Amino acid sequence: MAVSKLVLAATSTKSCKVLLGLRVLAFSATLSAAIVMGLNKETKTFVVGNVGNTPVKATFTAKFQHTPAFVFFVVANAMVSFHNMLMIAVHLFGGEMEFTSFRLLSVAILDMLNVTLISAAANAAAFISEVGKNGNKHARWDKICDRFATYCDHGAGALIAAFAGVVLMLIISAISISRLAQPNKCSSSTAATPSVLP
Amino acid sequence: MVKVTQRLGGLVLRFAAFCAALGAVIAMVTSRERSSFFVLSLVAKYSDLAAFKYFVIANAIVSVYSFLVLFLPKESLLWKFVVVLDLFFLVNGKLTVKMVTMLLTSSLSAAAAVAQVGKRGNANAGWLPICGQVPRFCDQITGALIAGLVALILYVFLLIFSIHSVVDPFLLRKS
C-alpha cells in the first residue's frame, strides 16, 4: 500500500520535506475550494409567463449562501486552509521550541480534527449538490442544474478540490501520528531530542 | 493493572459505539410513512434520498467493524510488542479507527445536510419542506441522526484513548 510505505518513510529525515510539500498542496487545494465556492454566483433571467402578448421576465440568482451546506463548506475549507498555513509556519519557523513532545501531540490532534472537519464539509456539499443536480421526485424537489449550469460547474470544481484536500489531509494526519511514536527533528536546531518512548 | 483497565475502557467504549451505530441503522431503516394529500399518496422511505442510504451503509459498516473488533482477545498481548517495535502495525491500527471516524462523520454530515433541507425547505430553489406531511418519518430520521452523533463522539474518544494507550505523549508512564 502506498500510504503505508509513505508512513514508514516518516522515520527518515526526508519525511520533513514530504510533509511540507503535502501541507502546501493541501493548503492550496482547500483554499481554492473555499474561494471558488465563495465566489459562486449566477444570475439569470427567465420568462415566467405571458401577459397578453408580452412575456413577463423575472430574474433569479443562485448564490452559495442559499444553501447552509455550502456555507459550512466554505467556512470549513477556510478553517482547514488556515490550519495548514499555521502548520507550515510552525514547521518553517518554529524549530527552536523546546517542548517537542507536546508540540507533536498538538499537531497530531489538530490534524485529526481537521481531517474530520474537511471530510464532513466535502460530503455534506456533495450530497446537497446531488439533490440539486438530479432532483428528487419523491419529495417533489426540482433539479436546478439545468437552469444554472455555470453555478453547478463551479460548485463541482470546488468539490473536486475539497475531496483532493480530504485525501491529502488523511495522509498528512497519518504521517503526524506516526511521528508521535518516533519523533525526529526536522530543523537543524541543536536542541537535544527527547525521545517520547523511554 | 493499568493494562487491564485500559483494555476494559476500550472495550466499553467500543461496545457503546457499536450499540449506538446499530441503533442509528435500525431507526433509519424502519422509518417509513405514508401520507396522502388530495388524491396523491406519498410514501416517505429512507431510500428515496441518497444521503440516507449512505448513512445506513456507513453506520452498518461501523457496527459490524466494532462488533468484530470486540472479539479480538489476542491483541492485548500484541500491544506490548507494537509499542516497542512495529511502526507499521501501530499506524495500521490507528488508521482503521481513523477511517471509521471519518466514515461516521461524513455520513452524519451528509444526512444532516439533506435532512435540514427536508425540514426547512429551500425557498430559493423552490424546494418545499416535507416534514409537515410526514412528521413521524422526520422524527425517526432525527433520532437516527442523534444516534449517529453519539456513535461518532464515542469513536472520537476511542481514537484519542487508543492513541494514548499505545503512545505515551504526556510521559505519564514511568518504566
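Helices (H or I, at least four residues) and strands (E, at least two) are DSSP runs, numbered from the N terminus. The model is predicted: local features need pLDDT of at least 70, side-chain atom pairs count only at pLDDT 80 or more, and totals for chains, interfaces and linings use all residues. Residues are numbered from 1 along each chain as its sequence is written, chains are lettered from A and ligands numbered from 1 in the order in which they are written, and side-chain values use heavy atoms, without hydrogens and water.

**View 1. Chain B as a whole.** Along its sequence, chain B reads α-β-β-α-α-α-α, with 5 helices and 2 strands. Of its 175 residues, 46% are buried (under 20% relative accessible area, with a 1.4 Å probe and protein chains only). Among contacts (heavy atoms within 4.5 Å) between residues at least 6 apart in the sequence of chain B, 76% join residues at least 24 apart.

**View 2. Helix α2 of chain B.** This helix covers residues 50-70 of chain B, 21 residues in total. From first to last C-alpha the helix reaches 30 Å, close to the 30 Å expected at 1.5 Å a residue; the expected span is 1.5 Å times one less than the number of residues. Its buried residues include F52(B), F55(B), V62(B), Y65(B) and V69(B).

View 3. Strands β1 (residues 41-51) and β2 (residues 54-63) of chain A run antiparallel and are joined by 10 bridges; two strands pair if DSSP finds at least two bridges between them. T45(A) has T59(A) of β2(A) as its bridge partner. Between the strands β1(A) and β2(A) lie 2 residues, and G52(A) in this hairpin takes a positive phi near 70 degrees.

Terms used: Buried < 20%, exposed > 50% of the residue type's maximum accessible area, 1.4 Å probe, protein only.
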